[in-house]
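Here's a friendly tour for anyone opening this structure for the first time. Have a look at the sequence and the model, then read on.

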Amino acid sequence: MSKKRILRDIIGIFKDKASLLKANLSTKRGVSSIQVTVIRATTHASTSPPRNHRIAAIISAGDHSLPAIYACIDAIMDRLHSTQNPYVALKCLFIFHNIMAKGSLLYKDHVSFFPSSGGHNSLNLSGFYDKFDVETQQLSSWVRWYANVLERNMITSRTLGSYISPSSRLSINFDKIENHKGNNISFSNSVTEMESLVCLVEVICEAPESQYCQKIDLVHEIMILISEDYRSTQYHILIRLVELSSRVSRLSYLDLSELILCLSKLEGCRKKLNELFIRRKNDLFWEMVSQKKMDMEKVKFEREKQGLLLWNVDENCDELNWSSQRFGGKIQQFLVAAS
């Protein structure tokens with residue numbers, strides 16, 4: 001480790017101590033306690049993920065009341081937007097992600113703001129960049145990507161009306177999904193929901209290529225959480241695919257075209273997803289996606305063929321009418337001349 005790196009780590013430790021001192025001096029004891037917990041969970045010193053008991057403390061603190069929820073979110077966001085250290089930023093986002101997965105509904109509702117509205121809670125970290133060395137530069141790209149994934153996660157959750165991040169490990173039963181009738185899913189919104197789900201998958205596929213960073217414990221734990229989100233996304237996609245394919249004949253031509261394009265984009269993500277989540281290679285999922293796409297393409301082709309036939313019939317009718325009018329006109333001229 002270089003002297004420059006050692007000096008940076010020491011400065012980081014002093015920054016943490018200063019932040020802790022400032023939090024402890026606050027007259028609002030409840031807020032102060034939450035701020036201290038967040039700071040200790042997101043220290044500069046360690047490259048490991050926040051310890052489970054610290055994450056649990058932050059989640060449980062927000063289960064008590066709205067003021068506690070506001071204090072937790074403010075503490076995490078203040079920490080996130082005041083740091084230029086990628087490890088601290090990733091830890092803040094990791095805690096945020098855990099709240100989305102394990103927090104109470106009230107907690108999630110206040111965390112799941114609408115990203116495009118901006119504001120203090122915005123996770124827009126597109127400009128985050130630590131140029132200290134090659135490692136921090138690579139980690140900065142992970143910060144930008146992770147924030148983007150969480151934003152997209154929240155947008156998709158709002159579109160669906162339910163949260164993507166599962167509170168427990170999700171098991172996909174394909175037989176039950178095939179028999180699912182989708183009574184709780186609005187047909188009018190299903191196409192929009194599918195597009196939003198595929199957008200989330202596409203954002204996940206934008207993960208940085210750095211193999212070195214993936215060996216870091218913190219990044220590894222982040223990928224485990226995101227893999228659970230991906231698993232949940234697969235489930236939501238399959239439910240809507242079954243629902244839409246069961247009523248494919250009622251889809252408009254435009255909806256059919258959008259869905260086929262959407263599924264083509266999803267299939268284009270397969271290779272990258274298999275690389276990211278080696279243990280998530282779900283061939284049954286991809287077989288179902290491919291089959292449903294083929295079914296929709298057949299319906300679209302039949303409609304195009306039917307539309308072409310109707311167009312030819314109309315064109316022939318027009319020609320026949322024109323010929324009849326022309327021939328009728330000549331007969332009338334002949335009769336007038338004969339008389």
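How many residues does α7 have, and how far does α7 reach from its first C-alpha to its last?

## Before we start

This is a predicted model, in which local features need pLDDT of at least 70, side-chain atom pairs count only at pLDDT 80 or more, and totals for chains, interfaces and linings use all residues. Residues are numbered from 1 along each chain as its sequence is written, and side-chain values use heavy atoms, with hydrogens and water left out.

## Helix α7

Back to that question: α7 has 27 residues and reaches 39 Å, close to the 39 Å expected at 1.5 Å a residue (the expected span is 1.5 Å times one less than the number of residues). Helices here are DSSP runs of H or I with at least four residues, numbered from the N terminus. Most of α7 is covered, with 19 of its 27 residues buried; buried means under 20% relative accessible area, exposed over 50%, and partly exposed in between, using a 1.4 Å probe and protein chains only.

What sits at the two ends? At the start of α7, a side-chain oxygen of Asp133 comes to within 3.2 Å of the backbone nitrogen of Glu135. After α7 comes Gly161, with a positive phi near 80 degrees.

## Two residues to look up

Gln138 lies in α7, which covers residues 134-160. Gln138 counts as partly exposed because its relative accessibility is 28%. Leaving aside neighbours within four places in sequence, Gln138 is in contact (heavy atoms within 4.5 Å) with Ser210, Tyr212 and Cys213. Tyr212 is 74 residues from Gln138 along the chain, yet their C-alpha atoms are separated by 8.9 Å.

Over in helix α2 you'll find Ser32. Ser32 counts as buried because its relative accessibility is 1%. With neighbours within four places set aside again, Ser32 is in contact with Ala23, Asn24 and Ser26.

## The largest pocket

The largest pocket is lined by 32 residues, and Lys15, His44, Arg79, Thr83 and Val88 lie nearest its centre. A pocket is an open set of points on a 1 Å grid over the protein atoms alone, with protein on both sides within 12 Å along at least five of seven lines; lining residues have an atom within 4 Å of a point.

Which helix gives the most to this lining? That's α1, with nine residues. Helices α1 (3-24), α2 (29-41), α4 (66-82), α5 (86-102) and α7 each supply at least two.

Methods:
On a 1 Å grid over the protein atoms alone, a cavity is a set of points where a 1.4 Å probe fits but cannot get out, and a pocket is an open set with protein on both sides within 12 Å along at least five of seven lines; lining residues have an atom within 4 Å of a point. A polar contact is a pair of N or O atoms within 3.5 Å; within protein, one must be able to donate a hydrogen and the other to accept it, and residues adjacent in sequence count only if both atoms are side-chain atoms.
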